[in-house]
Amino acid sequence: MTETIPFNLDGTAREVRADPARDLLTVLREDLESTGTKYGCGEAQCGACTVLVDGVATRACVTPVGVVLGRDVRTIEGLEREGRLHPVQQAFLDEDALQCGYCTPGMIMGAVALLERNTSPTRAEIVRAMNPHVCRCCAYPRIVAAIESAARVMKGGAV
Ligand code: FES
Ligand code: FES
């Protein structure tokens, strides 16, 4: 049954007419044309579809859109501010932390969630937090380096 579902998407009030059981990823990509968030596996196994729901890293492919009613959804498309990349985005570029880039939006959102709850993660904490994210290009060492670099920048107040 179709319902009107209002929520906040990247700082803007949006609403969709959708079956609340439809997955958030499809609604973002097909109904709202927010295609920065990627489809990898569709089974909560790869992390490509990671968005933040009220600040918590969430797999959009298995999240019914009805769950985000009235909540705050942040995607890779909402990170840049006034033409400036988020420090995590910038660090991924500076550290060359991507090859094909398919996993990157989800990786970056996972890293943002980590750094917003832990401003000084150890390398082990970064590895543990990012473990659910799959990079088929195996850019893992550079991804960890990028997150360490972003943490330093964010702690320095350069956001
Ligand atoms: S597409 Fe959602 S976890 Fe893989
Ligand atoms: S950069 Fe290709 S999957 Fe991660």
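Predicted model: local features only at pLDDT ≥ 70, side-chain atom pairs only at ≥ 80, totals over all residues.
Let's start with the strands. There are five of them in an open sheet, and reading across gives β2-β1-β5-β3-β4, with mixed pairing.

## Strand β3 and its partners

Strand β3 spans residues 50-53 and runs antiparallel to β4, with four bridges joining the two. Within that pairing, Leu 52 stands opposite Ala 57 of β4. The β3 and β4 hairpin has two residues between its strands, and Asp 54 takes a positive phi there, near 50°.

On its other pairing, β3 goes with β5, again in the antiparallel sense, over two bridges. Val 53 has Val 73 of β5 as its bridge partner.

Helix α1, residues 24-31, lies across β1 (3-9), β2 and β3, and runs at about 105° to β2. Helix α3, residues 104-117, packs on the sheet too, where it touches β3, β4 and β5 (72-74). The direction of α3 makes about 35° with that of β3.

Back to α1: its buried residues are Leu 24, Leu 25, Val 27 and Leu 28. After α1 comes Glu 33, which has a positive phi near 50°.

## Helices packing on α5

Helix α5 covers residues 140-155, and its axis comes within 8 Å of the axis of α2, residues 87-94, with a crossing angle of roughly 135°. That angle makes α2 oblique to α5. The crossing of α2 past α5 is right-handed. From α2, the contact uses Pro 87, Val 88, Ala 91 and Phe 92; from α5, it uses Ile 143, Ala 146, Ile 147, Ser 149, Ala 150, Val 153 and Met 154. Sorted by class, the α2 contact with α5 has ten nonpolar residues, one polar residue and no charged ones.

Helix α4, residues 123-130, also packs against α5, at an angle of about 120° and with the axes 10 Å apart. This angle makes α4 oblique to α5. Here, too, the handedness can be given: α4 passes α5 in a right-handed crossing. On the α4 side the contact involves Arg 123, Ile 126, Val 127 and Met 130, while α5 brings Val 144, Ile 147 and Glu 148. By class, the contact of α4 with α5 has five nonpolar residues, no polar ones and two charged ones. Ile 147 of α5 is named in the contact with α2 and also in the contact with α4.

Leu 25 is part of helix α1. Why does Leu 25 count as buried? Its relative accessibility is 3%, and the cut-off for buried is under 20%. Setting aside residues up to four places away in sequence, Leu 25 touches Thr 37, Lys 38, Tyr 39, Cys 49, Ala 60 and Cys 61. One of those can be given a distance as well: Leu 25 and Thr 37 are twelve residues apart along the chain, and their C-alpha atoms are separated by 7.3 Å.

Thr 75 sits in the loop between β5 and α2. Thr 75 counts as buried because its relative accessibility is 0%. Which residues is Thr 75 in contact with, leaving aside its neighbours within four places in sequence? They are Leu 9, Asp 10, Leu 28, Ser 34, Thr 37, Val 51 and Met 109.

Definitions and conventions
Residues numbered from 1 in each chain as written. Chains lettered and ligands numbered in written order. Heavy atoms only, no water. Pairing = 2+ DSSP bridges. Contact = heavy atoms within 4.5 Å. Axes fitted to C-alpha atoms, helices over the stretch in contact; angles between N-to-C directions. Parallel < 35°, antiparallel > 145°, perpendicular 65-115°, else oblique. Left-handed = near helix turned anticlockwise from the far one by under 90°. Nonpolar A, V, L, I, M, F, W, Y, C, P; charged D, E, K, R; others polar. Buried < 20%, exposed > 50% of the residue type's maximum accessible area, 1.4 Å probe, protein only.
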